Amino acid sequence: MSAYKLMKGNEALAEAAIQAGCDAYFGYPITPQSEVLEYLAREMPKYNRVVMQAESEVASINMVYGAAGAGFRTMTTSSSPGISLMQEGISYIAGAELPCLIVNVNRAGPGLGTIQPGQGDYFQSVKGGGHGDYKMIVLAPASVQEMADFVYLGFDLADKYRNPVLMLSDGAIGQMMEKVKFHEYKRPVVEKAWATTGKPKTRERNYITSLFIQPERMEVHNLKLEAKYKKIRENEVRWEEIQTEDADYLFVAYGLSARICQKAIDIAREKGIKVGLLRPITLYPYPYARLLELASQVKCMLSVELNSGQMVEDVRLGVNGKVPVEFFGKMGGMLPTPEEIVHYLETLTRK
Amino acid sequence: MVYHKPSTLVEVNMHYCPGCAHSLVHKLIMEVVEEMDIQEQTIGVAPVGCSVFAYDYMDIDMQEAAHGRACAVATGIKRLMPDKYVFTYQGDGDLAAIGIGETLHAINRGENILIVFMNNAVYGMTSGQMAPTTLPGMHTTTSPDGRDVSFYGAPIKVSELMAQLPGSYFVSRQAVNSANAVRRAKKALLQAFKYQQLHKGTCLVEIIGNCPSNWKMTPLEASKFIDEEMVKTFPLGDIKVPKPV
C-alpha cells in the first residue's frame, strides 16, 4: 500500500489500526469521532478481529483492560466527554501497566460543550486526568498522515513500555480530509509473558492488578513506574521545528494550532518578523530541554492553543524565566485565523 | 473417596473472616476447575470488595477489575479468547450497585462467561453498609434504623432480573450454609462451567453468602439467618434452566 489516498483523519486512524495489527477495538459513538467505530465495525470483521460497540465509554475502557491484560493489541477512541468517563479505567490501566492505545478527538468543553475542535483536554492528557501518580505517553498529530503514523508508533511505544499511550487529536484533524499514505510496517516482536492467557503447569499464575494494599509494596510499585516514566522522558521526546534557525520569535503549538501557526509564519515573515515554530509531537514527555535551548536564541515565545492557556504552563516550565512566554488562544470551538495570530505577535514585537 | 484441598487453590491462609462464604465458594470454583482439568484454560476476574484478593488464592490467571466493571473486563478477555473459560466473581455492591449496567449489558449480549454473584446483602469490605440487596428492615451502618423501602426501594433480585434477558442461559441461586447447600452450589457451578463450552449465553450463579462479621452474628446464627430470613427475599434454586432440545 504505497499510493496516496484521500481520507478523513478518523478513517485514516482506523485503517492504520487494522494495518498495525490491532486485535480488538471497543468504542462508543460520540461526535466528532464516530467514524472510527463505523469504519472498524465494517472492516475489522474482514480480518477476523474483534470490534464492539460498548454500552458506554466506561465499559469500553474496561473491555480494553481485559483484552490488553490478555496480551492483545487493543484500542479505544472517543472525544472529550467520553474520555472523561474513561479516566478511572485509564488510571487502572496505567497502574496495572497494560499497553493499549487511546485516542481523544478533542472537542471544546467543559461539560457537553460543543462538537467543534478544541485543545482543552491538554491538562487532562498530560497531567493525569485520573487518580494517582501515573503518566501516559501523549502523541499529538497535526495532519491526517500523522493520524495514521502515530497509530503504529503509539502501539509500539505502548508495547515497549507496557504503558497506555494517548493520541490527543482534535475535531478538525479527525474530520478533515487530506492525502495519506500507509507505510510498510514491521511490527516489533514483544513478549507478553505477563498476559493472562491461562496458566500452564510450567509457569506461575499471572494476574493483572493495580492493587498493592501494603504501603511498602505500593511504594515499590510507584517507584518502578517512576523509573519507567524517567526512561520515557529520556528516550521518547519528539518535536518538529519549522524555521527556527534564524528565528527571533517562537510559536509553540501542537496539533491543529500548529497547522494554523505554519501559515502565520509565512505571513509574519513577509512582514519581516523572523518567527519559527516548535511543535511538540509528544506532549508527554515534553520537549522542555529544546525550549530552554531556544530561549537563549529568541526574544519571546508565544504559546498558541485552542483553550484558555494550558500548554503555556509547560513552555514556562521549560524556559524557566529566561525569556517572556506569552499566550494566545481561542476557546469554544472557535479557531484563530493566521492573521489574528500575527497581529498578536506584532503587539509583542513592539514591546 | 478421600477429601482433599483442590490443587488449584494456592497454599496460603485466606484473609476472610471466620464463617464467611467467600473461602468456601473460592474452594468450590477451584474444585470445579480441577475436576474439569481446565486450569490452563480458565481466566478469572476479581472485583472490588472482600474478594478483591481472589487472585491470591486461586491458582489460575486472573485480572483484578475496577469496582463494578468485571463483566466489561471479562467481555474483553472472552471476545479475544472465545475458547477459554472466563468467569467473574463479584459481590452485591460491585455487581448490583455500581456495576449493574456492565452486568446487564454483558448478559444481554449473551457473553459466554460465568458470573459468580456473591450476595450477602451488605458491603463487606467497607464494613457493613447497605447494599442494593439489603433486606427490608435490615440494619446496616448506613441504614441504622433498618432499610426503609419507601426511601431506598426494595432489594434488587438480580437473578430474577437477569433471567428475563434472552442472553442469559442458566441462572441459579444457591447458598453454602449447610453441607447439602454446598453440594447444590457446587453442582450449579460445575454445570455453569460446562455450559460455557456450548457458547449459548451467560451463566449466572448467585450465592447467598454468610457474612457473620457485618451481620453481627456468630457463624451459626448467620447460617440460620439465611434459612430463616434471606431466602424469603432470595428463594434458592434454579431460576432459568436451558430448555431440553
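## Where the two domains of chain A meet

**View 1. Contact between domain 1 and domain 2 of chain A.** In this predicted model, 32 residues of domain 1 of chain A are in contact with 26 residues of domain 2 of chain A. The domain assignment places residues 5-190 and 223-235 in domain 1 of chain A, and residues 240-349 in domain 2. Taken over C-alpha atoms, the centres of domain 1 and domain 2 of chain A are 26 Å apart.

**View 2. The area buried between the domains.** Domain 1 and domain 2 of chain A bury about 2200 Å² between them. Carbon and sulfur atoms give 57% of this area. Of the area that domain 1 of chain A buries against domain 2, 32% is supplied by A:Gln119, A:Tyr122 and A:Phe123, more than by any other three residues.

View 3. Three salt bridges are found across the interface of domain 1 and domain 2 of chain A. A:Glu146 and A:Arg279 form a salt bridge, and their closest N and O atoms are 2.7 Å apart. Between the two domains of chain A, 17 residue pairs are in polar contact.

**View 4. The side of domain 1 of chain A that touches domain 2.** At least two residues of this side come from each of these elements of chain A: helix 5 (122-126), strand 6 (137-139), helix 6 (144-161), strand 7 (164-170), helix 7 (171-175) and helix 8 (215-235). Sorted by class, this side of domain 1 of chain A has 19 nonpolar, six polar and seven charged residues.

Key: Residues numbered from 1 in each chain as written. Chains lettered and ligands numbered in written order. Predicted model: local features only at pLDDT ≥ 70, side-chain atom pairs only at ≥ 80, totals over all residues. Heavy atoms only, no water. Domains from an automatic or database assignment. Contact = heavy atoms within 4.5 Å. Buried area = accessible area lost by both parts, 1.4 Å probe. Salt bridge = Lys/Arg side-chain N within 4 Å of Asp/Glu carboxyl O. Polar contact = N/O pair within 3.5 Å; in protein donor to acceptor, adjacent residues only side chain to side chain. Helix = DSSP H or I, 4+ residues; strand = E, 2+ residues; numbered from the N terminus. Nonpolar A, V, L, I, M, F, W, Y, C, P; charged D, E, K, R; others polar.
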